[in-house]
Structures are given as C-alpha cells and as structure tokens.
Amino acid sequence: MIDGPAARVVARLDQPGSPFGIAAAPDGAALYVGDWRRGEVVRRDPRTGEAMGPAVPVPDPAGLVLDRTGGRLYVADREHRRVVVIDTAAMREVGTASAGEGPFALALSPDDARLYVANVRSGDVTVIATGTLTTLSTVKVGAMPYGVAVTADGRFVVVSRQHAGAVAVIAADGLAPLGDVSVGRYPEGVLALADGRVAVANWFSGDLSFIDPQARRELARLPLADGPRGLAVALR
C-alpha cells in the first residue's frame, strides 16, 4: 500500500500464492484479490490484511472490476472463456457470462449496464448485458487486447492492442470500431480520466500516453520508469 502524495510504501499485506488482479471497494473498506496460483478470489481488510469471509473459487482469475455500489464483483476467468460474478456481501458466485478466448481485462459502463471484456487470444471484446449476463456483441479489435476502459461519459470504449503499439477506439452507441490511435510500445493498462482523456501504460517503451478518444489522437507522452503495465487514479 502506497501513500500517493508522499510517494512511499506505508504497508505490505501478505497474500499467499500469486496475487494477480485487484479491486478496491468504493468506500475503501475492502480489497478483492485474485490469486492465480490458488485459483481463488479473496476479500481482505486493507488495514490488517486479514481475510474477510470465505474465498471464492475461480480457477484462473485475471482482471477484476467492481460495480459502483461494490456489491458485485466481476472476474475474468482467463482459461475458461468466461466471467465469474461474485456477490461481495456473501462472497459467493452468483452467475457466469461467456467470453472469448483468454478474457483478461474488464471495464463497466458508467451505469453498470454493460461489461466490456478484452479477450487476449481471440483478439476481440465481448460486450455483456450485466442484468441478464448475456452477450450483446463481439467486437473485433485485432491481436492481443490487454486493457480496456470506458470514458466517463460512456461514449467510447478504448482497448489496448499490445503488439500493434496502438489502442482501438469503439463507439459504445452501436459498438462500431472507429479506428486506432498510435501510442508507445506494448500498451497494456488503460484508464479513463474524469476529463474525457484516456491514459495508457506502455510496457516496453516505459512511458504513459494520454489520448483523446473522440479526436482519436495522442495528446502527450510522459516518460516513466521501466515496465509500466497498470494504472490507478486517486480521487479527491
């Protein structure tokens, strides 16, 4: 755990196995961690690191995303072409939804009505209606989509294309691909900002791209340390 403004580590919490994906409850009262080696998702107290309730079996948990209330957790089960849905209050599985090959990253629309799933091996995005857990559409984006984000207004879906050095932009209305935006080398993590921009972590070039998805252009690129793969933003 890192104090962002002070840029220092303030705590380390034990997680047996191989922690992979992580999500934080909206009120900060719980952390949800996907453990790849143990094949489970566990809820932990962020102050003590203690497990809170039973772990939920998910064989190969990759990306995790919570809805706005923190009541539903969606987990990409990478090797089983599906997304597992967890009721966080009871810490139990309440449903599954089909995905493509190698589901990895997840993003919800601002109203939580749609879940976007980036499928690494099939090179597409599965769009799921969260109310029914049915597939609305499958959108081809090209090889190795490793990250996905939805803009704050819900109009655009941005998907990193790792081997292309680009992100694909999709119109949420109609789910039509609008084209690519060139960024750094091996883009992975994608994060939508409140001002409409989207930030992209470029793993191999060690930098951070900011793009305008509506204009479909890169606005700036900032150098970082080697190997950035994920992003988070502090809310003030």
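Entry 1: I am working with a predicted model, and I began with one tyrosine. Tyr-186 has a relative accessibility of 24%, so I put it down as partly exposed; the cut-off for buried is under 20%. Next I looked up Phe-204, which is partly exposed as well, at 39% relative accessibility. Then I checked how the two rings sit. The ring centres of Tyr-186 and Phe-204 are 3.9 Å apart and the planes are at 5°, so I noted the pair as stacked. Planes under 30 degrees apart are what that label asks for. Where do Tyr-186 and Phe-204 lie in the chain? I found Tyr-186 in the loop between strand 18 (176–182) and strand 19 (187–192). Phe-204 is in the loop between strand 20 (198–202) and strand 21 (207–212), and the two residues are 18 residues apart.

**Entry 2: the other aromatics.** I then searched the whole structure and got six aromatic pairs. One of them is Phe-20 with Phe-104, edge-to-face, at 6.0 Å centre to centre with 85° between the planes. Phe-20 belongs to strand 3 (residues 19–24) and Phe-104 to strand 11 (residues 103–108), so this pair ties together parts that are 84 residues apart in sequence.

**Entry 3: the fold overall.** How many helices and strands does the protein chain have? I counted zero helices and 22 strands. For contacts with a separation of 6 or more, I got 35% between residues 24 or more positions apart.

**Entry 4: size and burial.** A compact globule of 236 residues would have a radius of gyration near 18 Å, and I get 17 Å for the protein chain, which agrees. Along the principal axes, the C-alpha atoms fill a box of roughly 45 × 45 × 30 Å. Buried residues make up 50% of the 236.

**Entry 5: surface and charge.** I computed an accessible surface of about 11200 Å² for the protein chain, with 51% of that belonging to carbon and sulfur atoms. Last, I looked at charge: there are 25 positive and 26 negative side chains. The centres of those two sets lie 2 Å apart.

Notes: Residues numbered from 1 in each chain as written. Predicted model: local features only at pLDDT ≥ 70, side-chain atom pairs only at ≥ 80, totals over all residues. Heavy atoms only, no water. Helix = DSSP H or I, 4+ residues; strand = E, 2+ residues; numbered from the N terminus. Rg over C-alpha atoms; globule rule 2.2 N^0.38 Å. Buried < 20%, exposed > 50% of the residue type's maximum accessible area, 1.4 Å probe, protein only. Contact = heavy atoms within 4.5 Å. Areas by Shrake-Rupley, 256 points an atom, 1.4 Å probe, with all protein chains shown as cover. Lys, Arg positive; Asp, Glu negative; His and termini not counted. Charge placed at Lys NZ, Arg CZ, Asp CG, Glu CD. Phe/Tyr/Trp six-rings, centres within 6.5 Å; stacked < 30°, edge-to-face > 60°.
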